[in-house]
Amino acid sequence: YKSASVVHTSGDATGDPYAQFGVQPGLLAFHYNATVKNKFPQEVSAGASWKFYPKWRAALQVDWLGWSDAFNSLPVGLTGGNNSHVNAVLGSSFSDSIPLNWSDEFVYRLGFEYQATERLVLRAGYTYGHSPVPDSTLLPMTAAIMEHTFTAGIGYRWRWLNVDLAYQYALPATQNVGASRLRSGE
């Protein structure tokens with residue numbers, strides 16, 4: 001079990017929407033001090049390992065991730081706005097909550113290990129997890145759409161030293177949205 005965790009971040013939010021409003025560049029340029037609160041999900045995992053032949057082992061793991069509570073919305077706060085034109089509309093400080101509506105998901109993992117020699121171990125695996133992101137709130141900054149992932153690894157043991165190297169490749173996945181449920185189609 002992994003408990004949920006919260007990360008508070010801060011930084012700068014700057015931009016210039018002159019093209020969207022057809023005004024002179026720089027007229028609407030803005031800067032805000034930004035804060036974002038990210039909550040990462042709780043997770044429950046269960047697994048089993050089976051040595052089915054003298055040099056072979058198989059492992060299976062199932063994870064449940066509580067995305068619906070963690071990524072229901074993304075709270076953003078902006079303070080100290082420096083543009084009087086923008087401040088007249090938005091104010092110099094405001095907060096917003098971006099709806100995400102992610103769903104809880106299961107992730108399934110299967111792996112194999114082969115003891116090639118007394119010191120050398122070869123590994124391979126596969127992971128499947130459906131994307132927790134609904135099309136209606138898909139954003140480039142929150143797209144987590146990896147579904148099929150292949151892994152490979154090698155382990156070497158020499159006296160007291162163990163060296164393990166791993167590689168993973170996620171098959172390309174896409175999601176498309178015609179009309180976002182977010183305000184103004186952001």
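Modeller: Let us begin with the names of the elements: helices (H or I, at least four residues) and strands (E, at least two) are DSSP runs, numbered from the N terminus. The structure is a predicted model, in which local features need a pLDDT of at least 70 and side-chain atom pairs count only at pLDDT 80 or more, while totals for chains, interfaces and linings use all residues. Residues are numbered from 1 along each chain as its sequence is written, and side-chain values use heavy atoms, with hydrogens and water left out.

Biologist: Where in the protein chain is confidence lowest, and where is it highest?

Modeller: The scale is pLDDT, the predictor's confidence in each residue, from 0 to 100, and where it is low, the predicted coordinates should not be read in detail. The protein chain averages 88, with 92% of the residues scoring at least 70; the lowest mean, 77, belongs to helix H3 (residues 84-90), and the highest, 98, to strand E4 (residues 56-65). Val86 is found in helix H3, and its C-alpha atom is separated by 26 Å from that of His8, 78 residues apart along the chain.

Biologist: Is Val86 buried or exposed?

Modeller: Buried means under 20% relative accessible area, exposed over 50%, and partly exposed in between (1.4 Å probe, protein chains only). Val86 has a relative accessible area of 11%, and therefore counts as buried.

Biologist: How should I read phi, and what is the value for Asn101?

Modeller: Most residues other than glycine have a negative phi. Asn101, however, has a positive phi near 55 degrees; this residue lies in the loop between strand E6 (94-99) and E7, and is partly exposed at 31% relative accessible area. Arg159, which is not a glycine either, has a positive phi of about 55 degrees. Arg159 sits in the loop between E9 and strand E10 (161-170), and it counts as exposed because its relative accessibility is 68%.

Biologist: What does the side chain of Ser131 reach?

Modeller: A polar contact is a pair of N or O atoms within 3.5 Å; within protein, one must be able to donate a hydrogen and the other to accept it, and residues adjacent in sequence count only if both atoms are side-chain atoms. The side chain of Ser131 reaches the backbone nitrogen of Val133 at 3.2 Å. Ser131 belongs to the loop between strand E8 (120-129) and strand E9 (148-158), and with 3% relative accessibility it is buried.

Biologist: How many aromatic pairs are there, and why is the pair of Tyr126 and Phe150 called tilted?

Modeller: A pair of aromatic rings is described by the distance of the centres and the angle of the planes. Rings of Phe, Tyr and Trp (its six-membered ring) pair if their centres lie within 6.5 Å, and planes under 30 degrees apart count as stacked, over 60 as edge-to-face and the rest as tilted. By this rule the count comes to 11 aromatic pairs. For Tyr126 and Phe150 the centres are 5.2 Å apart and the planes meet at 50 degrees, so the pair is tilted. This pair links distant parts of the chain, Tyr126 being in strand E8 and Phe150 in strand E9, 24 residues apart. Tyr126 is partly exposed at 29% relative accessibility, as is Phe150 at 41%.

Biologist: Which residues form one aromatic cluster?

Modeller: One such cluster is formed by Trp50, Phe52, Trp56, Phe112 and Tyr114.
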